[in-house]
Amino acid sequence: MSFVEENFDMLYEIGTCIAKQFGEMCEVVLHDLTRPYDNTIVAIWNGHITGRKVGGGGTNAGLQLLRGKKDPKDEYCYINYTENGRILKSTSKYFLENGKIVGSLCINQDISDIVAIQKMLE
C-alpha cells in the first residue's frame with residue numbers, strides 16, 4: 001500500500017480544509033506518484049481551475065521530479081500558468097519514502113484577477 005493510500009483520509013481532510021479556506025479560486029490536488037503518471041490524481045478540489053479531475057495526471061514539473069531531473073524539494077509560492085493562460089500562485093508539498101517521491105499535495109491559487117487589478121491600479 002502506498003503512502004498516499006495509507007494516509008488518504010488525513011490527506012483528504014487537509015485538502016478539504018485548504019480548499020474551503022481559500023475558496024473556489026484555489027485548486028488543491030492530491031497525487032499518488034506510485035501510480036502511472038497519467039493517472040496520479042486521487043483527489044482534487046476546485047478542478048475547474050485547470051480542468052483536471054480524479055484519474056488525471058500530473059504536470060511537466062512533477063514528471064521532471066520523478067525522472068530525477070529536479071531535486072525533490074517542496075516549493076512554495078511559485079508562479080505557474082494554466083493551458084489557457086490563467087496565472088497561478090502555486091505550492092507543492094512532496095511526500096518521500098526512502099528518498100523517493102511517492103506523493104504530493106499541490107495548491108494552485110488563481111491570481112489572474114488580482115494581477116489584472118494590480119496592473120490597472122498602477
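Two strands are paired where DSSP finds at least two bridges between them. Helices (H or I, at least four residues) and strands (E, at least two) are DSSP runs, numbered from the N terminus. The model is predicted: local features need pLDDT of at least 70 and side-chain atom pairs count only at pLDDT 80 or more, while totals for chains, interfaces and linings use all residues. Residues are numbered from 1 along each chain as its sequence is written, and side-chain values use heavy atoms, with hydrogens and water left out.

**View 1. Strand β1 and its two partners.** β1 runs antiparallel to β5, and 7 bridges join the two. Cys-26 has Gln-109 of β5 as its bridge partner. With β2, β1 pairs in the antiparallel sense over 4 bridges, and there His-31 stands opposite Ile-41. Of the 7 residues of β1, 7 are buried, so the strand is largely enclosed by the rest of the structure; buried means under 20% relative accessible area, exposed over 50%, and partly exposed in between (1.4 Å probe, protein chains only). Cys-26, Val-28, Leu-30 and Asp-32 point one way from β1, whereas Glu-27, Val-29 and His-31 point the other way.

**View 2. Surroundings of Asp-32.** Asp-32 is found in strand β1 and counts as buried at 2% relative accessibility. Its C-alpha atom is separated by 6.3 Å from that of Val-102, 70 residues apart along the chain. Leaving aside neighbours within four places in sequence, Asp-32 is in contact (heavy atoms within 4.5 Å) with Ser-2, Val-4, Glu-5, Thr-40, Val-42 and Val-102.

**View 3. The largest nonpolar core.** A nonpolar core is a set of buried Ala, Val, Leu, Ile, Met, Phe, Trp, Tyr and Cys residues joined through side-chain atoms within 4.5 Å. The largest one has 13 residues, of which Val-28, Leu-30, Trp-45, Phe-95 and Leu-105 touch the most other members. At least two residues of this core come from each of α2 (8–22), β1 (26–32), β2 (41–45) and β5. Apart from neighbours within four places in sequence, the contacts of Phe-95 are Phe-3, Leu-11, Leu-30, Lys-100, Ile-101, Val-102, Gly-103, Ser-104 and Leu-105.

View 4. β3 (residues 75–81) and β4 (residues 87–97) are antiparallel and pair over 5 bridges. Ile-79 stands opposite Lys-89 of β4, and Tyr-81 has Ile-87 as its bridge partner. This hairpin has 5 residues between its strands, and Gly-85 in the turn has a positive phi of about 90 degrees. β4 is also joined, by 10 bridges, to β5 (residues 100–110), again antiparallel. In that pairing Lys-93 has Leu-105 as its bridge partner. The hairpin of β4 and β5 has 2 residues between the strands.

View 5. Most residues other than glycine have a negative phi. Cys-77, in strand β3, has a positive phi of about 55 degrees although it is not a glycine. Asn-98 likewise has a positive phi of about 55 degrees without being a glycine. Asn-98 lies in the loop between β4 and β5 and is exposed, with a relative accessible area of 86%.

**View 6. Salt bridges.** A salt bridge is a side-chain nitrogen of Lys or Arg within 4 Å of a carboxyl oxygen of Asp or Glu, and by this rule the count comes to 4. The side chains of Glu-27 and Arg-52 meet in one of them (3.1 Å, N to O). That pair links distant parts of the chain, with Glu-27 in strand β1 and Arg-52 in the loop between β2 and α3 (60–66), 25 residues apart. Glu-27 is buried, at a relative accessible area of 0%. Asp-74 forms a salt bridge with Lys-93, the closest N and O atoms being 2.9 Å apart. Here Asp-74 is in the loop between α3 and β3 and Lys-93 in strand β4, 19 residues apart.

View 7. Asp-110 forms a salt bridge with Arg-86, with the closest N and O atoms 2.9 Å apart. Asp-110 lies in strand β5 and Arg-86 in the loop between β3 and β4, so the pair ties together parts that are 24 residues apart in sequence. Asp-110 counts as buried at 10% relative accessibility, whereas Arg-86 is partly exposed at 28%. Salt bridges that share partners join Arg-86, Asp-110 and Asp-113 into one network.
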